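Take a look at the model below before reading on. We'll walk through its pockets and its charged pairs.

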Amino acid sequence: MLFDNTDFDYEISFLKIPGSDFNKEIRDSKFLSPEEGFLRGNLMKDEYVPYKNLTYFKLTPQNEQETLLLKLMAYSFTINDLNLYLDLNPKDQQTYELFKKYVKEKNRLEEMYSEKYGPMTITETQGSNYNWIMDPWPWDNTGGSMYV
Amino acid sequence: MFKYVKHLNYPINIKKKDLKMAKYLLTQFGGANGELAASLRYFSQKFSMPDEKGKSLLNDIATEELGHCEMICTMVHQLTENATIEELKAAGLGSMYTEHGKGIYPSDSFGNPFTVTYFAVTGDVLADLSEDMAAEQKARATYENLINMTDDQDVIGILLFLRQREIVHFNRFKELYDYYKKKGY
């Protein structure tokens, strides 16, 4: 359901890294957390412009696969938005360090996902069979990103 | 070179069939302010960008926009998948079905086929980037019109995400424009 952007609770964020200073890090940064940035479609704290009173959806994963896929999509989104920012600010070392941290986490999640549920890219070949062709494809309504 | 990643940019799971909305949405694939025009525009313009910043930014946004084409087509596909011919006719999609079946053909909401005349490539960095900024604003406005056309939250959530991307892209293009302007282009 749609919720107000003042409702966001970092403590229950599904991407919260336990025991880390993640929340403080995010508060001090010009970028949002991967989860909130992803849900908003905009990682930049000061660039978000909601339409009318509509903000964004809160997505609730129902099982392990959904949770993993949603995290993976959130990190992938975050990497993309930082990518665009870094194209124009390549000397921003602090942001590049953050970028590398998220890339590492995305790679870890992607490996975990493809081992359990099939490849995300053609070169992920952990399974014994050629399962790249396996349904669901992302546009299918019976699987893929339907889970979240 | 391009590599495919087997997930969407943002999750799409539309439960309710809505043929009229599918007809309207199609314009964000093959219409004047749509994602295909955006992707091809930046892809084509990247070759005359004068330095690393311009080359990388246009290339990277062009790539992202191709992912947005996939999202729009996914929405149209899911909104029409289980429609009967009678339902398609009633929703004004009879001609579309005659020409394309249930395939997703790049066209606007009137059925006009996609054309490259929707965008320009001038080889002039300021002219091209001004167009890119305008294109992002027009796409944002179209997303807002589309949001006003439905009350299905499954659809609205996705449109809000895509609308926000237009805002981000506009800001990046504007920064690049200002940077080149300052450099004396």
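## Before we start

This is a predicted model, where local features need pLDDT of at least 70 and side-chain atom pairs count only at pLDDT 80 or more, while totals for chains, interfaces and linings use all residues. Residues are numbered from 1 along each chain as its sequence is written, chains are lettered from A and ligands numbered from 1 in the order in which they are written, and side-chain values use heavy atoms, with hydrogens and water left out.

## The largest pocket

The largest pocket has a volume of about 990 Å³. A pocket here is an open set of points on a 1 Å grid over the protein atoms alone, where a 1.4 Å probe fits, with protein on both sides within 12 Å along at least five of seven lines; lining residues have an atom within 4 Å of a point. The volume is the space filled by probe spheres set on the points, which are joined across faces, edges and corners.

So who lines the largest pocket? There are 26 lining residues, and Ser76(A), Asn80(A), Lys3(B), Val5(B) and Thr63(B) lie nearest the centre. Helix 4 of chain B gives the most, with 7 residues. By class, the lining has 9 nonpolar, 10 polar and 7 charged residues (Ala, Val, Leu, Ile, Met, Phe, Trp, Tyr, Cys and Pro are nonpolar, Asp, Glu, Lys and Arg charged, the others, Gly among them, polar).

Over all chains, the structure holds 18 salt bridges; each is a side-chain nitrogen of Lys or Arg within 4 Å of a carboxyl oxygen of Asp or Glu. In one of them, Arg40(A) pairs with Glu36(A), their closest N and O atoms being 3.1 Å apart. These two sit 4 residues apart in helix 2 (residues 34–40) of chain A, so about one helical turn separates them. (Helices are DSSP runs of H or I, at least four residues, numbered from the N terminus.) Both Arg40(A) and Glu36(A) are buried, meaning under 20% relative accessible area, with exposed over 50% and partly exposed in between (1.4 Å probe, protein chains only).

## Pairs that reach further

Glu64(B) forms a salt bridge with Arg165(B), with the closest N and O atoms 2.7 Å apart. Glu64(B) is in helix 4 of chain B and Arg165(B) in helix 8 (residues 153–183) of chain B, so the pair ties together parts 101 residues apart in sequence. Glu64(B) is buried at 6% relative accessible area, and Arg165(B) is buried at 0%.
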